[in-house]
Amino acid sequence: QWIDYEKAANFLKPDLRINRACTASAMLGLISPRDFVDLILVRETDECFSTNAISIEYPECPEVKDHVRGWNWSCGMICVKYPDDPNKCKLVSLIQPDIKGMLPKNVVESAIPGSMVEFFTKLEEALKKDGKISS
């Protein structure tokens with residue numbers, strides 16, 4: 001939402017984009033809202049679809065006071081198609097976030113699994129709403 005896409009288009013290709021993702025606070029407010037600015041490469045073949053990302057510093061997305069700027073190391077998702085059943089796929093996700101801030105390691109490690117479950121639940125809801133999957 002803060003990206004000047006006309007400037008970014010000078011060096012980005014259709015399968016390469018810059019994304020700013022924001023998270024809400026977590027664990028009853030113990031973890032402040034975070035934001036991440038990632039360079040994302042999307043690839044699709046006959047066998048799979050993948051998103052591959054890493055955080056970047058991008059002047060068009062400055063840090064804001066109400067969010068802690070996190071960092072994603074190499075990460076992504078790959079959706080492997082089943083040739084025998086076009087309605088199914090195998091989804092593999094790899095995340096390596098550094099959420100920054102002054103949080104004890106055990107707080108971070110206990111929050112991330114819940115956020116991943118929430119992500120995939122919302123993804124499933126969005127796909128159902130768009131008619132991409134059925135119940």
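Modeller: Start with a definition: buried means under 20% relative accessible area, exposed means over 50%, and partly exposed is in between (1.4 Å probe, protein chains only). This is a predicted model, where local features need pLDDT of at least 70, side-chain atom pairs count only at pLDDT 80 or more, and totals for chains, interfaces and linings use all residues. Residues are numbered from 1 along each chain as its sequence is written, and side-chain values use heavy atoms, leaving out hydrogens and water.

Now find Arg-69. It sits in strand 4, residues 68–69 (strands are DSSP runs of E, at least two residues; helices are runs of H or I, at least four; both are numbered from the N terminus). Arg-69 counts as buried because its relative accessibility is 16%.

Next, look at its partner. Arg-69 forms a salt bridge with Asp-35, with the closest N and O atoms 2.9 Å apart (a salt bridge is a side-chain nitrogen of Lys or Arg within 4 Å of a carboxyl oxygen of Asp or Glu). The pair links distant parts of the chain: Asp-35 is in strand 2 (residues 34–44), Arg-69 is in strand 4, and 34 residues separate them. Asp-35 is at 0% relative accessibility, so it counts as buried.

The side chain of Arg-69 also meets the backbone. One of its polar atoms lies 3.2 Å from the backbone oxygen of Cys-61. The Arg-69 side chain reaches the backbone oxygen of Pro-62 at 3.1 Å.

Widen the view to contacts (heavy atoms within 4.5 Å). Leave aside neighbours within four places in sequence. Arg-69 then touches Arg-20, Asp-35, Val-37, Cys-61, Pro-62, Glu-63 and Lys-100.

Follow Lys-100 for a moment. Its side chain meets that of Asp-98 in a salt bridge, at 3.4 Å from N to O. Lys-100 has a relative accessible area of 37%, so it is partly exposed. Asp-98 is partly exposed because its relative accessible area is 29%.

Lys-122 pairs with Glu-118, and their closest N and O atoms are 3.9 Å apart. Both lie in helix 2, 4 residues apart, about one turn of the helix. Lys-122 is partly exposed, at 48% relative accessible area. Glu-118 is partly exposed too, at 44%.

Back to our site, then. Salt bridges with shared partners join Arg-20, Asp-35 and Arg-69 into one network. By the salt-bridge rule, the count comes to 7.

How values were computed: A polar contact is a pair of N or O atoms within 3.5 Å; within protein, one must be able to donate a hydrogen and the other to accept it, and residues adjacent in sequence count only if both atoms are side-chain atoms.
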